[in-house]
Amino acid sequence: MGESRQPHLVVFTGAGISAESGIQTFRASDGLWADHPVEEVATPGAWRRDPARVLRFYDARRDQVRRARPNPAHKALAALETQGFRVSIITQNIDDLHERAGSRRVLHLHGEVLKARSTVDPRLRYPLPRGGIRLGDVCDKGSQLRPDVVWFGEAVPLFADACELAAEADLLLVVGTSLAVMPAASLLEYAPFDAPCVLVDPEAEALAPPGVTRLSQPAGKGVPALVRHWRREGRLWVPETLLE
Ligand code: NAD
């Protein structure tokens with residue numbers, strides 16, 4: 001079967017899919033951001049005011065990501081690819097847990113914490129310098145390097161690519177996102193009208209927009225359960241039994 005005719009699962013993930021791997025979410029009261037107000041570490045203004053603090057914050061994020069391991073949700077999505085499903089992942093996460101689980105098509109909407117980029121040209125991206133980014137590390141154009149992360153208040157360069165992918169979905173699976181960060185959250189509107197959309201999140205009842213099926217479970221339970229159904233039947237569908 002040609003790839004274009006394989007069922008295409010488009011997965012949209014947020015911080016919640018990495019929570020069971022030990023990476024704190026954004027909005028949880030014990031979340032990493034509780035100690036670090038967003039405007040002091042993840043905005044262009046923060047970078048202008050205190051770049052050393054911003055770099056220290058991302059050094060700590062990187063340590064956390066390196067210690068974390070993919071959980072059953074990341075692994076189930078990767079396993080689906082080996083069974084003839086076409087799986088495209090659009091993640092808001094800056095960690096690399098989807099890749100480490102084995103997923104091959106991963107679009108990082110908000111960048112990747114394990115990479116560096118130029119401050120003057122976002123297309124100039126680099127492997128992380130040994131020991132992390134330091135003040136004085138520069139790109140090929142001579143400007144300071146910064147984390148390859150999209151900060152609050154910045155444009156999201158890959159948003160159009162993500163919308164194109166969403167428009168190809170036979171089923172859109174949304175996992176572990178509060179759908180509060182724009183424009184990312186509006187991605188759901190780009191899925192085809194007749195493609196089912198499922199949200200797996202312990203808070204799904206409260207968060208899911210109208211028309212979205214809610215699976216109020218942690219990702220490590222809900223995602224493998226869905227994937228088991230799809231692998232068994234060789235098709236993408238929303239099993240009623242899971243929703244009871
Ligand atoms: P968010 O913190 O706003 O929402 C997290 C969601 O995860 C919540 O809806 C919560 O109910 C859910 N959740 C908590 N535990 C879960 C579990 N075990 N299984 C499934 N869902 C669970 O996160 P967001 O919507 O992704 O937006 C936050 C922004 O912060 C994003 O832009 C992202 O780039 C960034 N961020 C990234 C990481 C990471 O890379 N792992 C971590 C924190 C924040």
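A charge is taken to sit over a ring if NZ of Lys or CZ of Arg is within 6 Å of the ring centre and within 35 degrees of the ring normal. By this criterion Arg 146 lies over the face of Trp 151, at 3.7 Å from the ring centre, and Arg 235 lies over the face of Trp 237, at 4.6 Å from the ring centre.

The model is predicted: local features need pLDDT of at least 70 and side-chain atom pairs count only at pLDDT 80 or more, while totals for chains, interfaces and linings use all residues. Residues are numbered from 1 along each chain as its sequence is written, and side-chain values use heavy atoms, with hydrogens and water left out.

**Open sheet**

Helices (H or I, at least four residues) and strands (E, at least two) are DSSP runs numbered from the N terminus. Two strands pair if DSSP finds at least two bridges between them. Six strands form an open sheet with parallel pairing, in the order β3-β2-β1-β7-β8-β9. The edges are β3 (106–108) and β9, each with a single partner strand, so one side of each has no neighbour in the sheet. On average, neighbouring strands of this sheet are turned by 20 degrees against each other, direction ignored. Strands β8 (residues 197–200) and β9 run parallel and are joined by three bridges; Val 198 stands opposite Thr 213 in β9.

Helix α6 (residues 159–166) lies across β1 (8–13), β2 (86–91) and β3, and runs at about 145 degrees to β2. Axes here are lines fitted to C-alpha atoms, for helices over the stretch in contact (heavy atoms within 4.5 Å), and angles run from 0 to 180 degrees between N-to-C directions.

Ala 208 is placed in the loop between α7 (204–207) and β9 (213–215). With a relative accessible area of 7%, Ala 208 is buried (under 20%; exposed is over 50%, partly exposed in between, with a 1.4 Å probe and protein chains only). Leaving aside neighbours within four places in sequence, Ala 208 is in contact with Leu 199 and Arg 214.

**Helix α3 and its cover**

Helix α3 (residues 51–67) has 17 residues and reaches 25 Å from its first C-alpha to its last, close to the 24 Å expected at 1.5 Å a residue; the expected span is 1.5 Å times one less than the number of residues. Its buried residues include Val 54, Leu 55, Phe 57, Tyr 58 and Asp 59. Among the elements that cover the buried residues of α3 are α1 (38–41), α2 (44–49), β4 (111–118) and β6 (145–149). Five of the five residues of β6 are buried, so β6 is largely enclosed by the rest of the structure. Strands β4 and β6 pair in the antiparallel sense over five bridges, and the bridge partner of Ala 116 in β6 is Pro 147.

**Aromatic pairs**

The structure holds three aromatic pairs. Rings of Phe, Tyr and Trp (its six-membered ring) pair if their centres lie within 6.5 Å; planes under 30 degrees apart count as stacked, over 60 as edge-to-face and the rest as tilted. Two of the pairs are tabulated.

| Pair | Centres apart | Angle of planes | Class |
|---|---|---|---|
| Phe 57 and Tyr 58 | 5.0 Å | 85 degrees | edge-to-face |
| Phe 159 and Tyr 190 | 6.0 Å | 90 degrees | edge-to-face |

Phe 159 lies in helix α6 and Tyr 190 in the loop between β7 (171–175) and β8, so the pair ties together parts 31 residues apart in sequence. Phe 159 counts as buried at 14% relative accessibility, whereas Tyr 190 counts as partly exposed at 40%. Phe 57 is buried, with a relative accessible area of 3%, and Tyr 58 is buried at 2%.
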